[in-house]
Every structure is written in structure tokens, then in C-alpha cells.
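Biologist: Please take a close look at how charged side chains pair in this model. Then set that part against its surroundings.

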Amino acid sequence: MASATESESSSASGSNWLHVDIGDEKPQLLSTLSSCMTLSDVQCDGYVRLLAADISLEDDEDPSAKLKVFRGLKLKQEQSLPGIPTAIESLYIDETEPKTPVIAVAIAESVLFYRHLKPYFKYTVPASDPDELEMEVWRKLPVLQPETHDGLLQLLKDVDHAKLSRKTQRLLQLPVEERESFINTHKDSPVGRVGNIVAMCCLKRVSSSANPPSHLVLATDTGRVYVLEPQGFNLVYQAKTCSYETAVPSLISVHGTYETDFCIVVGTRNGGVYLLRKSNSEGQEILKMSTPLTGLLLLPVDQTIVVTTMEQRYLCYSKRGKLLYQVHLESQPVCILPLMLTHLGITLVAVALQGGAVKFFLQRYLVDEFVVPQTVAAMLYGRMGMEDHVLTLTTQTGEMILKILRRITRFENDIAAATSASKSSASSHRIVDASILDKPKKSSIFVEQATREKQQAKASYGSFQVELWRLRHTAARATIDAINSSESTISGDLTHAPVKLSAEVCGSGPAFRLYLTVQNLSTFKMASNLAVLLHADRRHYTIPQSLARLPSVLPGIPLRVDFEIVSVLDPLDKLPPASLTPDNSQIRVMLLKTGQSKPLIAAAVTMPQSEAAF
């Protein structure tokens, strides 16, 4: 059994990917798509698990799907889904600690939300406005004679088929003898059409924190694109893909944040690519291909659009539709995937080809490739278990393959280095045990540093103490600067709901009661994960409880919290200490936000002079 350390210390000329071997265990089969796979810390234990929809389309059985949860390559949990999903996403809906991810599953016209892998909420996209001619025809069909139905239905054939409701589409397909019973059965049902969700992805609300709350971007087969705010399950943005025709989306890619600006690129079934922005309610056509698309990406770094087509081409366009470069592929592309390597500062594009080849492009250059025994049907990249760079592949026969990017890997964007890397990759195949996903990383640098500290223990300890005191001094200075810069009664952080803080002191001493009122000034945002911290000179005041965590503050509803403050008295004469003056008799009040080092509000409350306790 090869170890991760042995693999990393080997020559850099070997393969850039470590193959995870499951040993003698029975392999798990998984039939899914790239859009139906996601990675999530569903148990909130720091271990990222794979979630995927296993879709069964057997001829002798009804189509069905199961949501499966894998720990590494081992199946840990599964549950049946009420339909065939089109996409699965993992997202955070609020900032409440500890942060718990929610799994969103798009099935037909609904999005099913699961929290702790249990049903949490169901959202259905709104119905589109029906055509006036269609409504008029359905008002006449139940009251007119069956002989006149052909003339009325002939009028509906002139309407765009995609704009008709599902019951009208079904009526036009029925033979003449079955139409009358169908009309009597569905005459009272609504005429509007509810579109099925064909694509779904996540849009971060802000980019300041590691796991910020996200919005869901939904694309339906009616040509509509919606942005759903999952905290209150409200639509905050909706647009039409194309203004002059019904362009049915098939692929979608998003970049940006909702609070600032975002771009949505939509690929349609007829080969069109449209760009939607936050300020527009209709899409702008960028380009139109002669053949259907097999992949669509909006790269985050250079804001270019990458597409793969059934003509065996890999193309890159600007947002204005200008062709920047294209690469001819050896076989049909099946799916593509972005690999954001933040530690290298680059973004690769993985392209899975018919026959089992997987190629990695850095812009137009081929920087790496490998071949698996069967054609790859779905790909997913991200943190899994304890490893940061894990590539999950599922083949068309259902086999799952895991590969881990070696930490010493460097990708070059010149042709000579790319050719050399591809040849060495094809000639080398390194294997590690599946337990590597459960082991924390210990690189050769860590081992060398530990040995050096043992050999020079005294010098290492002295250096550590010097750096520790320097760190304490820097932290104290930064704390004072942060408090002084936040001295206000209203928070100035634009990424969160504005909050106002007011104080009132009651009592004559030596025991006082400090009442604080926290008010949310926003009209739609909820202020959550707040805490109040009191700080006072211990020579003058005693605070039994100096920290209070606040519940969520709703807009327009003030929250009142109180603290007990006791003035320190001389045990002999029962008088306040002589060092207590009106200038230093203050209580520092700080309103904190979980996960932020700088207070939202920092204010000083002047305490009244305490009476003697006789």
C-alpha cells in the first residue's frame, strides 16, 4: 500500500494525479450527471462528503432516483427522491452559528430543500402569464358543441408551442374522440404554465466570509431565469433569456455576488449563448452555434466564456461574442468542469472526451491529461474528506473514480512543457489507499521543521517567545484601533443590516442596571449572530456577566437586553475608590458580529456616581 508521503517525495516527472484505490471492497455504482453531484459538510463535523443523485432509467422499471451520501467511496446513507432531479446544490442560507448547509434538489417545477438530510422546505417556481387567445379558447371549449372544437384548436396552433400551457399541449396531441372527455376533466384547472427547472447553480450573496449565504439561480424551460433568496424563499430577481423568442436554457454559469454585481451566462438547446446582468431583465445574445453545446463555463479570472460543442471543438469567447481561440478535440466532448487552483493562482478547465480521455486546459494550452478505462459521464472537483484537491469521476457504466492532485504539481502554459507533462502523465500511474481522504496533511516541510526544532530547542523557544510578545503587542494595537474606528451608535458595515444601539443606566448605586436597545434599521435584512460585550476597569466596576449573545433582530422590532453592574467600594469606609473620577467612570459597550474581528459598534457609557453603601 503506497502512502501519501511516498507519493509526494517521488520525482516531479510522474503523474500529477494520485489514483485512490478502494482495495478489495465492492465498488459502488453511481449513474448521475455533473449537475447532480455536490460536496457538502452535511454532518457539520468538518468532513466533506459527496452527495449525488443515483438515477435509474431501466426499461422494465419506472424512472426513479435516490439521494446518496458517500464518505470517501463508502455509501453511508441514501433516501428516495420524488422524481428525477436536474441539479443538486449545497448552500448556506443564513449566518447562524454553527453554519449548517442546506441541500437543494431541483425536481420538475420545484426545489426541495433538505437540512440535516431531512425535508426542510419546498419551493415552486411561479406560473407564467397565459396567452390571451389560449384563455379565450378554454372559456369557449366547455360550452360550445364538439363540432366547433377543431376550429378553436386550429387557432392555438398559430401560437408558439412553448408558450402554451401543458394541458393545451396535451389536448392538441390527443385524437378527436378523446378530446371531449379531456376538456370536461380539465376545464376548471388553471391555464398558466409552470416551467420545469432545467438548470440550477449558486450565487454568493457577499464574498467577505468563507461560507457566505448564497442565492439560488434557477433556469426553467419557459425561458425564464430566477434568483431565489432562500432565507425567506422570495424571488429577488427574474429575467427572460431572450426577448423575441422562447430560448429554452440547457446550461448555466454564474459569476459575481448578489450584493455587488453578477453575470449569468445561459446556453440554450438551439446553440445560443445569452448574457444576463443584474441591471437587465432580458438577456443579450452573445453568439449562436450551429450545433448544440455540451459544456458552458464563465471563467472567474478573465471573464471569458468557454464552450464545447458536438463538432469536437473547444472554444473561448469574450463577453461581446468575439472568438478568442479554439482547439480541435480528438473526439466528442461529454462534459467540462472548472478547477480553481487558488494555491497556484490559476483556473484549469477539465474536458472529458468520448473514450475515457480527460484533458486539462490552461487557456488554450493543454497542460495535463490522463485516460480512464471508460467514458466519463460526470465530474466534480473540490475538497473531500481531509483533502483539498479531489477530482471525482463517474463513468457511463456507473464506476466511481477518485484522483487527488499532488501538492508539488505546477502547471506550465507553454507548448513544450505541456507536451512533456502529458507524455509523463500517460506513462505513470500512481496509486494511493482510499484512507488518504481521512488523514490530515503532513508535508515534508512539516517533518523537516519538527526535526529542526528538536535539534535547536533553546533557540527555537527564545525565538518563539519574542514572536509571541510581538504578536501580543500587534494584537493590542489593532484592537484599540478597531474600537476607536467603530465609535458610533449606528453600524457602518454595508455588507450587513445596519444596526442602531442605545443605552440607559438605572439605579443609584452601588448596583446599577444597564439597559441596551438594539434596533435593526434595515427594511428586509435580518441581523443575526450578534453579541454584546461590556468592558470596564476592574478597579472601579464589577460585571457578573459581560457577554450576551443576541437572537436574530428583525427589522422594525427593537431588542432590549440588560446587564448588572456593581460599583467597587472600599471595604472599610464603604465609599468608591479615590481613583474613580467622572472622566474614567465609563463602561465600554461593543456590538460584535460573529466571525469579524472589528466591532460593528463601539460606544462608551458614562456611569453616574455611586452612593455610599451604609
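Predicted model: local features only at pLDDT ≥ 70, side-chain atom pairs only at ≥ 80, totals over all residues.

Modeller: First a definition: contact means that heavy atoms lie within 4.5 Å. Take the contacts in the protein chain between residues at least 6 apart in sequence: 53% of them join residues at least 24 apart. Residues are numbered from 1 along each chain as its sequence is written, and side-chain values use heavy atoms, with hydrogens and water left out.

The protein chain has eight helices and 37 strands. Of the chain's 614 residues, 46% count as buried. Buried is under 20% relative accessible area, exposed is over 50%, and partly exposed is in between (1.4 Å probe, protein chains only).

Now the charged pairs. Side chains of opposite charge can pair when their charged atoms come close. The cut-off for a salt bridge is a side-chain nitrogen of Lys or Arg within 4 Å of a carboxyl oxygen of Asp or Glu. Searching the whole structure gives 15 of them.

Start with Glu369 and Lys359. Their side chains meet in a salt bridge, 2.7 Å from N to O. Glu369 belongs to strand β25 (residues 365–371) and Lys359 to strand β24 (residues 357–362), so this pair ties together parts that are ten residues apart in sequence. Both partners are covered. Glu369 has 18% relative accessibility, which means that it counts as buried. Lys359 has a relative accessible area of 7% and is buried too.

Next, a pair within one helix. Arg470 forms a salt bridge with Glu467, with 2.9 Å between the closest N and O atoms. Both sit in helix α8 (residues 457–485), three residues apart, so about one helical turn separates them. An α-helix has 3.6 residues a turn, so residues three or four places apart point the same way. Arg470, at 46% relative accessibility, is partly exposed. Glu467 is also partly exposed, at 43%.

Arg313 pairs with Glu311 in a salt bridge, and here too the closest N and O atoms are 2.9 Å apart. Arg313 is partly exposed at 23% relative accessibility. Glu311 is partly exposed at 32%. Gln312 has a positive phi, near 60°, although it is not glycine. Gln312 lies in the loop between β19 (305–309) and β20 (313–317). Its relative accessible area is 25%, so Gln312 counts as partly exposed.

Salt bridges can also join up. Asp54, Lys66, Lys68 and Glu78 are linked in a network of them.

Charged residues turn up in helix packing as well. Two packed helices are described by the angle between their axes and the distance between the axes. The axes of helix α2 (residues 132–140) and helix α3 (residues 149–156) come within 10 Å and cross at roughly 165°. That makes α2 roughly antiparallel to α3. Contributing from α2 are Leu133, Glu134, Val137 and Lys140; α3 supplies Leu152, Leu155 and Leu156. By class, the contact of α2 with α3 has five nonpolar residues, no polar ones and two charged.

Some terms there need cut-offs. Axes are lines fitted to C-alpha atoms, for helices over the stretch in contact, with angles from 0 to 180 degrees between N-to-C directions. Under 35 degrees is roughly parallel, over 145 roughly antiparallel, 65 to 115 roughly perpendicular, and the rest oblique. Nonpolar covers Ala, Val, Leu, Ile, Met, Phe, Trp, Tyr, Cys and Pro; charged covers Asp, Glu, Lys and Arg; the others, Gly among them, are polar.

Helix α4 (residues 166–173) joins this group. Its residues Lys167, Thr168, Gln169, Leu171 and Leu172 are buried. The buried residues of α4 pack against α2, α3 and α5 (176–186).

Two loop residues complete the surroundings. Leu117 lies in the loop between β8 (110–115) and β9 (118–124). Leu117 has a phi near 60°, positive in a residue other than glycine. At a relative accessible area of 8%, Leu117 is buried. Gly345 lies in the loop between β22 (333–341) and β23 (346–353). Gly345 is exposed, at 60%.

Methods
Helix = DSSP H or I, 4+ residues; strand = E, 2+ residues; numbered from the N terminus.
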